[in-house]
Amino acid sequence: MTPPPEPQTPWRSIIVNGLIVALLAVLAPVIVVAVVWSQTGMAPQLFGNMPPQLPPPGTAEMVIVAPGAAISTANPYTGPLTLVVEGNITPDETGLTDLFYQHTDSMGLPLESPVPVTSLPLEVNGAVLDAPYPDYDPFHVYRVPFDAGAVSQSLSFRIVGQPRGGEFRVFVVVDG
């Protein structure tokens with residue numbers, strides 16, 4: 001007759017289970033990043049690109065510009081300013097558009113390459129904002145230099161056209 005097998009030491013199973021848990025803890029974020037990257041193509045947002053600080057340092061005030069009516073700042077301004085514009089609108093039947101780029105299609109899916117808008121969708125004091133096109137920002141935040149002129153005046157903002165929704169948040173930053 002053979003003797004019964006020796007009972008297994010519980011330490012072995014504890015160590016093996018601990019190693020499995022540690023391996024899963026290391027691999028889980030990698031798997032999540034790989035899935036998000038393959039589905040959206042937005043790996044740069046997950047690695048290294050950090051959203052800009054909002055409100056930016058030096059912000060004098062912030063206005064929310066929604067479709068419909070114009071909105072003015074509470075304070076008057078003169079001279080050089082920086083307008084930090086954040087947000088998206090949905091013009092007509094196209095996808096989401098930030099200040100400079102359309103970045104989704106009409107179904108809301110990300111475009112492989114964002115498309116520059118033909119005309120900036122924001123007016124300041126009755127004139128379409130005139131600014132050079134920067135590189136696309138996946139966080140949809142852009143710094144635009146603006147000269148308020150020599151005469152102290154409030155700034156009036158309006159979204160151009162009749163978008164179906166969305167808004168821009170405009171931070172007025174006093175330079176210098």
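Modeller: One definition is needed first: a residue is buried when its relative accessible area is under 20%, exposed when it is over 50%, and partly exposed in between. Please keep in mind that this is a predicted model.

Biologist: Is Arg158 buried, partly exposed or exposed?

Modeller: The relative accessible area of Arg158 is 27%. Buried requires under 20% and exposed requires over 50%, so a value in between has its own class. Arg158 is therefore partly exposed.

Biologist: With which residue does Arg158 form a salt bridge?

Modeller: A salt bridge requires a side-chain nitrogen of Lys or Arg within 4 Å of a carboxyl oxygen of Asp or Glu. For Arg158, the closest N and O atoms of such a pair are 3.1 Å apart. The partner of Arg158 is Glu123.

Biologist: How many residues apart in sequence are the parts that this pair, Arg158 and Glu123, ties together?

Modeller: Arg158 belongs to strand 9 and Glu123 to strand 6. Glu123 is buried, with a relative accessible area of 14%. The parts tied together by the pair are separated in sequence by 35 residues.

Biologist: Which side chain meets that of Glu86 in a salt bridge?

Modeller: Glu86 is buried, with a relative accessible area of 19%. Its salt bridge has an N to O distance of 2.8 Å, and it links strand 3 to strand 10, across 83 residues. The partner, which is partly exposed at 26%, is Arg169.

Biologist: How far from Asp98 is the nearest side chain of opposite charge?

Modeller: Asp98 lies in the loop between strand 3 (80-90) and strand 4 (101-104). Asp98 is buried yet has no salt bridge.

Biologist: Which side chain is joined to that of Asp98 by a polar contact of 2.9 Å?

Modeller: The side chain of Asp98 also reaches the backbone nitrogen of Tyr101, at 2.7 Å. Beyond four places away in sequence, Asp98 touches several residues, including Gly87, Pro121 and Phe168. The side chain at 2.9 Å is that of His140.

Biologist: How far apart in space are Pro67 and Pro91, C-alpha to C-alpha?

Modeller: Pro67 is found in the loop between strand 1 (59-65) and strand 2 (71-72), and it is partly exposed, with a relative accessible area of 30%. Pro67 touches Ile159, Pro163, Gly165 and Gly166, not counting residues up to four places away in sequence. Pro67 and Pro91 are 24 residues apart in sequence, and their C-alpha to C-alpha distance is 9.9 Å.

Note on methods. Residues numbered from 1 in each chain as written. Predicted model: local features only at pLDDT ≥ 70, side-chain atom pairs only at ≥ 80, totals over all residues. Heavy atoms only, no water. Helix = DSSP H or I, 4+ residues; strand = E, 2+ residues; numbered from the N terminus. Buried < 20%, exposed > 50% of the residue type's maximum accessible area, 1.4 Å probe, protein only. Lys, Arg positive; Asp, Glu negative; His and termini not counted. Polar contact = N/O pair within 3.5 Å; in protein donor to acceptor, adjacent residues only side chain to side chain. Contact = heavy atoms within 4.5 Å.
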